[in-house]
Amino acid sequence: MSILSERLLALRKKAGITQEEASERSGIHYRSYRRYESGEREPSASSLSALADLFGVSTDYLLGRQETP
């Protein structure tokens with residue numbers, strides 16, 4: 001797993017939502033979201049931004065460039 005996928009999983013669990021709910025709320029297709037969280041794919045810049053907005057963190061945090069959300 002990548003830092004991105006680990007952080008997505010942790011943030012989603014902390015929010016108490018399913019992968020399907022996260023994909024719906026972020027506007028990202030479910031299959032794509034699932035692949036981001038499993039580490040199979042890296043999100044585009046727009047998807048990364050949508051995920052950061054969803055979880056209320058910075059893109060730098062999701063990418064592992066900073067330790068605090």
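**Notebook: serine 58 and helix α4**

I started at serine 58, which sits in the loop between α4 and α5. Helices here are DSSP runs of H or I, at least four residues long, numbered from the N terminus. The model is predicted: local features need pLDDT of at least 70, side-chain atom pairs count only at pLDDT 80 or more, and totals for chains, interfaces and linings use all residues. Numbering runs from 1 along each chain as its sequence is written, and side-chain values use heavy atoms, with hydrogens and water left out.

**Entry 1: serine 58**

Buried means under 20% relative accessible area, exposed over 50%, and partly exposed in between, with a 1.4 Å probe and protein chains only.

I then listed its contacts (heavy atoms within 4.5 Å). Leaving aside neighbours within four places in sequence, serine 58 touches Ala52, Gln66 and Pro69. Its side chain makes a polar contact of 3.1 Å with that of glutamine 66. Such a contact is a pair of N or O atoms within 3.5 Å; within protein, one must be able to donate a hydrogen and the other to accept it, and residues adjacent in sequence count only if both atoms are side-chain atoms. Proline 69 lies eleven residues along the chain from serine 58, with 6.0 Å between their C-alpha atoms.

**Entry 2: helix α4**

Next I looked back along the chain. Just after α4, glycine 56 has a positive phi of about 70°. Within α4 (residues 45-55), I found Ser47, Leu48, Leu51, Ala52 and Phe55 buried. They line one face of the helix, because seen down its axis they fall within an arc of 140°. That arc is taken from the directions from the helix axis to the C-beta atoms. On the other side, Ala45, Ser46 and Asp53 are exposed. The cover over the buried residues includes α1 (3-15), α2 (19-26), α3 (30-38) and α5 (59-63).

**Entry 3: the core**

Of its 15 residues, Leu8, Leu11, Tyr33, Leu51, Phe55, Val57 and Leu62 touch the most other members. Two or more residues come from each of α1, α3, α4 and α5. Helix α4 gives the most, with four.

I also followed leucine 62. Beyond four places in sequence, its contacts include Ile3, Leu4, Leu48 and Val57.

**Entry 4: the whole protein**

I counted five helices and zero strands. Buried residues make up 36% of the 69.

Definitions and conventions:
Core = buried A, V, L, I, M, F, W, Y, C linked by side-chain atoms within 4.5 Å.
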